[in-house]
Amino acid sequence: MALLIQGGTVVNEDLSFIADVLCEDGKIVAIGENLSTAADVEIVDAQGCLVMPGGIDPHTHMELPFMGTVASDDFYSGTRAGLVGGTTTIIDFVIPNPQQDILEAYHQWQKKAEKSVADYSFHVAITWWDDSVSEAMGVLAQEHGVNSFKHFMAYKNAIMADDEVLINSFKRARELGAICTVHAENGELVFRLQQDVLEMGITGPEGHPLSRPPEVEGEAANRAIEIAHLMNVPIYLVHTSCQQSADAIARARANGQRVYGEVLPGHLLLDDSVYRDPDWSFAAAHVMSPPFRPAGHQEHLWKALQAGNLHTTATDHCCFCDPQKRNGVDDFTKIPNGTGGVEDRMHVMWHHGVNSGRLTENEFVAVTSTNAAKIFNLYPRKGVIRVGSDADLLVWDPKASRTISKETHHQNVDFNIFEGMNVQGINTVTISQGEVVFRDGEIKVEKGRGRYLKRPLFSADHLALQKYSAQRLSKPTIREPS
Ligand code: URP
Ligand code: ZN
Ligand code: ZN
Ligand code: ZN
């Protein structure tokens with residue numbers, strides 16, 4: 001059935017304008033003032049509201065097996081919570097175990113994700129290296145629409161990619177026309193510091209930020225950026241959490257490099273005092289990597305976002321309940337790393353970004369949707385309100401508000417890092433694939449309605465980078481025979 005969103009202000013990353021939006025068969029088919037209505041059209045009244053592209057969360061971990069347990073939100077509950085909060089697409093991570101066939105891991109994740117209720121796609125992590133991995137990257141890229149590969153520079157003795165893996169994988173990604181993404185923390189340093197902190201007798205969650213200070217992230221960010229520079233491949237840094245790595249991105253961009261940065265609302269708003277809370281469960285619930293940072297870094301991240309040196313907002317949604325966190329009750333290095341937020345990201349970013357005047361409504365759309373679509377080559381299918389694009393839309397009421405709480409959220413976790421925060425500016429309606437799935441507090445979805453999104457290779461970045469580097473290729477010096 002057709003759907004007409006009537007009387008709202010359409011907000012794209014480049015422009016806001018008053019228009020109705022007509023959707024048919026899951027696509028946007030017309031945009032204009034006073035669009036006429038046929039009898040069998042469902043009307044959504046958007047008077048006094050904004051109509052925005054659905055959010056894209058480019059960093060989630062639904063039902064991730066990690067640190068001896070499994071993340072508590074699965075692809076059903078997690079994507080459902082996302083729709084409630086205005087996120088209509090997620091990009092999750094396939095994370096093969098070391099030595100595991102990466103195609104096998106990819107198919108395992110596809111199976112788990114069949115129950116998704118929002119559209120989804122996958123980055124694939126490269127956790128080890130040999131010729132078979134190189135070959136499998138080709139199959140993923142060319143047959144399965146994977147155009148981004150992830151590298152964990154941390155988590156030694158588990159999924160860490162060392163420099164040899166990074167260099168080989170970055171080179172292969174360039175050949176394939178895929179983008180490289182990194183979790184930038186020096187895993188060797190983290191490992192050393194964890195032992196030092198434990199030897200100091202610190203076993204509680206307060207040890208977590210001590211073992212992963214900003215320098216650890218800054219070093220890895222600079223290293224990954226330089227490797228990408230020399231390998232001529234675009235790079236995207238996930239969860240940029242501190243001044244050191246935000247500055248590394250800004251410096252590289254000022255030098256003409258194609259580098260992108262992602263930031264999480266948690267890193268923009270929380271500081272590391274949470275880890276020193278006397279309540280162990282409260283402190284442990286905040287254990288994620290990189291950790292929340294000392295006061296001061298948050299302001300720097302906001303400025304980097306405002307300046308355009310950070311491009312996307314994500315959640316790194318990776319939930320663990322208190323009994324799971326308790327695996328590390330005697331040793332902070334064993335507390336499963338991860339926090340939630342897929343339901344709250346859009347609201348928190350509007351409230352603290354737009355209501356504070358840090359971001360325009362158009363910049364909000366850019367950092368919650370459009371930029372992720374462009375960087376990961378989903379644009380203009382996603383990330384924009386345009387004829388021909390998928391009808392993933394939000395009716396956003398800038399006056400409506402909600403108080404965030406674990407008591408009312410839809411995320412399958414017993415904690416919320418934004419507990420008690422009153423946010424003004426929320427989606428009252430979520431439309432996914434042209435269908436109203438959430439309206440006035442009620443979510444109605446059929447399990448498995450989410451679709452896998454293949455993403456094409458060779459984004460505009462790659463094409464430009466190929467030309468740029470081809471013109472700068474070194475040539476052998478021609479000498480007279482001696
Ligand atoms: O603590 C986190 N971030 N857990 C999920 C895995 C990762 O590093 O992204
Ligand atoms: Zn990470
Ligand atoms: Zn460089
Ligand atoms: Zn993550």
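**Backbone, ligand shell and overall fold**

Asn157 sits in the loop that runs between strand E11 (148–152) and helix H4 (163–176). The model is a predicted one, and in it Asn157 has a positive phi of about 65 degrees, although Asn157 is not a glycine. Most residues other than glycine have a negative phi. Asn157 counts as exposed because it has 8 C-beta neighbours inside 10 Å, and the limit for that class is 12 or fewer.

Asn377 also has a positive phi without being a glycine, here near 60 degrees. Its place is the loop between H14 and E16. Is Asn377 buried or exposed? Asn377 is buried, since 23 other C-beta atoms lie within 10 Å, where the class requires 20 or more.

The loop between helix H14 (361–375) and strand E16 (393–403) also holds Pro380. The peptide bond from Tyr379 to Pro380 is cis, with omega near 0 degrees. A cis peptide bond also joins Ser289 and Pro290, with omega at about -5 degrees. Pro290 belongs to the loop between helix H10 (280–285) and helix H11 (297–307). Most peptide bonds are trans.

Ser289 leads on to the ligand. The residues around ligand 1 are His61, His183, Met288, Ser289, Asp316, Cys318, Asn337 and Gly338. By class, this shell divides into 2 nonpolar, 5 polar and 1 charged.

A record covers much of this ground: UniProt, in an unreviewed entry, places the feature "domain: Amidohydrolase-related" at residues 50–437. Over residues 50–437 the chain is 38% helix and 19% strand, and the end C-alpha atoms of that stretch are 18 Å apart.

Now the chain as a whole. The protein chain has 15 helices and 19 strands. Its radius of gyration is 22 Å, close to the 23 Å that the globule rule gives for 482 residues, so the chain is as compact as a globular protein of that length. Along its principal axes, the C-alpha trace spans about 80 × 70 × 40 Å. Buried residues make up 55% of the 482 residues. Of the contacts between residues at least 6 apart in sequence, 77% join residues at least 24 apart.

Confidence comes last. The mean pLDDT of the protein chain is 97, and 100% of its residues reach 70 or more. Among the elements, helix H15 (residues 460–470) has the lowest mean pLDDT, 90, and strand E9 (residues 87–94) the highest, 99. The model scores ipTM 0.95 and pTM 0.98.

Conventions. Residues numbered from 1 in each chain as written. Chains lettered and ligands numbered in written order. Predicted model: local features only at pLDDT ≥ 70, side-chain atom pairs only at ≥ 80, totals over all residues. Helix = DSSP H or I, 4+ residues; strand = E, 2+ residues; numbered from the N terminus. Rg over C-alpha atoms; globule rule 2.2 N^0.38 Å. Contact = placed C-beta atoms within 7 Å. Near = placed C-beta within 6 Å. Nonpolar A, V, L, I, M, F, W, Y, C, P; charged D, E, K, R; others polar. UniProt positions renumbered as here; feature names shortened; annotations may be inferred. pLDDT = per-residue confidence, 0-100.
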